[in-house]
Each structure stands twice: as structure tokens, then as C-alpha cells.
Amino acid sequence: MSEHERTQGSPVGRRVVLGMLGIGVAGVAVGASVQDKVSRTLAPVGPIGDVLPAAGGFRYYSVTDGVKRHSAATHRVTVSGLVAKPQAFRLADLARLPQTVIDRDFQCVTGWRVPDVHWVGVALPDLLDAVGVSPQARAVRFTSFDGVYTESLTLEQARRRDVLVATQMDGKPVTHDHGGPTRLYVAPMYGYKSLKWLGGIELTNRVEPGYWENLGYDVDAWVGRSNGRNDAPT
């Protein structure tokens, strides 16, 4: 890969991300159309701008060295575990479910925030109702098709109407670099809960800490009252 290719939307790999743990950078990406907002927000941050989406180019974070791309033809979101009807949802299947629109901020645990991002997708409660949640279920585990990244919510959290399986962002399909074809968007929590490249949803009988939680981040990542921060809630 040429140097030019590496600087045009290439992922920040596992080694770099782990190296940034000390400053609390989470595995998130934001939209190209809001690049200006991000750049302005990151301007005072200094050296972090070398690896975050900032002026001069967009990069996404990944905890792996590469993520396989999926198209509408190949992509599936499987819902399994403690459900009545396990199912693999294609994008067309998701489009036939009720669509929910959310305009909310995207807040990173490091402090930067992208205001008023326009999301469209299936509210997670609607998807859970479509498969029938077992009475034994207490939590939901999410897996990325990058093969490494995971996240979890309690079932109560997952039933919030502002938790979305997002298929569109700022009026366009969610691109690969922004975590598409489908990604999670958890509006009231810091961005590391909004798992990119969503491939699996599993209903479980207990919360299983995700990738960053196993490295010390709060499982309950409410903006404004977790990870030692006091940001205003989104």
C-alpha cells in the first residue's frame, strides 16, 4: 500500500489504538459530511489530530489491522441467543421494518462532540420484537464483523427508543469507513458503545463486558456521568 493510500481513509490499527488508551480514545468514526465540525472540535487537541478524523483527511478507527467490506448483497445482521425466532436480516429486511429517525450528538469519551448527526435505521426495540425475546434474556451482546470488537447493553438499555441499528447517516447509506452497512448508534452513551460494522446481536442472560470495558471503560457509558467525565448529556 502506498503512502497516499495509507493517508486516505485507512484505518488506525490495533497497535495505535491500544497506544492511545492513556488518553481514552474510543473506537468510533464520524461522517465525512461533518468533517468540518470534527476538525473545529479537534483543533485544540494537538497531536491526537494525527490519528483522529481532522483537518487534511478522514481516518476511521479500528482495533484490527483491516476490516472486510460487505455490500448490500453480502451483508447480514444475525439475531440469535435467547429469542423465539433467530434470524439473519439483510438490508432489505431491515428496510421493511419501521424506520426511526434520530438527530442527536455523537459524543466521544475523549471529549469531542459532533452535533446533530442525522441517523436513520431500525430502533433496536423493534428489531427485538421481530424475533421475540425470551423471558430469560437480561442483556444484549453485539459483535462487529471485524472479528474483534464487541459491546453489550442491558435489556432495559437496549429497549430505549434512542438505540438504533443505523443504516443511514446524514442522508446517505452508512459507508464502510463509517461502520456500515449497519452500525449501532446508542444516543445517550459515549461513542465506544456505538459499535461499527454490526454483524451479530445475541440475547444473553447477563451482561458480557465489551472490548473497551475489558480494558477499563465503564460498561454503563452514559454521557455526563461515566468514565470520570461530566459532559452535558446529549
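Reply: The second largest cavity is lined by Asp105, Phe106, Gln107, Tyr185, Val186, Ala187, Met189, Tyr190, Gly191 and Ser194; a cavity here is a set of points, on a 1 Å grid over the protein atoms alone, where a 1.4 Å probe fits but cannot get out, and lining residues have an atom within 4 Å of a point. This is a predicted model, in which local features need pLDDT of at least 70 and side-chain atom pairs count only at pLDDT 80 or more, whereas totals for chains, interfaces and linings use all residues. Residues are numbered from 1 along each chain as its sequence is written, and side-chain values use heavy atoms, with hydrogens and water left out.

The volume of this cavity is about 30 Å³, taken as the space filled by probe spheres set on the points, which are joined across faces, edges and corners, and the count of cavities of 30 Å³ or more comes to two. By class, its lining has six nonpolar, three polar and one charged residues, where Ala, Val, Leu, Ile, Met, Phe, Trp, Tyr, Cys and Pro count as nonpolar, Asp, Glu, Lys and Arg as charged, and the others, Gly among them, as polar. Both β5 and β11 (183-186) supply at least two residues of the lining, and β5 gives the most, with three residues; strands (E, at least two residues) and helices (H or I, at least four) are DSSP runs numbered from the N terminus.

Threonine 100 stands opposite glycine 121 of β6, and the two strands form a hairpin with five residues between them, where glycine 111 in the turn has a positive phi of about 120 degrees. β6 also pairs with β9 (residues 163-169), in the antiparallel sense over five bridges, and there alanine 123 stands opposite leucine 164.

Helix α5 covers residues 124-131, and six of these eight residues are buried (under 20% relative accessible area, with a 1.4 Å probe and protein chains only), so the helix is largely enclosed by the rest of the structure. The buried residues are Leu124, Pro125, Asp126, Leu127, Leu128 and Val131, and α5 is followed by glycine 132, whose phi is positive, near 75 degrees.

Isoleucine 201, placed in strand β12 (residues 198-204), is buried because its relative accessibility is 1%. Beyond residues up to four places away in sequence, isoleucine 201 touches a set that includes Leu124, Leu127, Val140 and Val165, a contact meaning heavy atoms within 4.5 Å. Isoleucine 201 also lies 8.3 Å from glycine 81, C-alpha to C-alpha, although 120 residues separate the two in sequence.

Val140 is the bridge partner of leucine 153 in β8, and β7 (residues 139-144) and β8 pair in the antiparallel sense over five bridges. Their hairpin has five residues between the strands, and glycine 147 in the turn has a positive phi of about 85 degrees. Strand β8 (residues 150-154) is mostly covered, with four of its five residues buried.

As for confidence, the chain has a mean pLDDT of 81, with 75% of its residues at 70 or more; pLDDT is the predictor's confidence in each residue, from 0 to 100. Over residues 13-56 the pLDDT is below 50, and this stretch has 98 contacts in the model beyond near neighbours in sequence.

Terms used: Two strands pair if DSSP finds at least two bridges between them. Buried means under 20% relative accessible area, exposed over 50%, partly exposed in between (1.4 Å probe, protein chains only). On a 1 Å grid over the protein atoms alone, a cavity is a set of points where a 1.4 Å probe fits but cannot get out, and a pocket is an open set with protein on both sides within 12 Å along at least five of seven lines; lining residues have an atom within 4 Å of a point.
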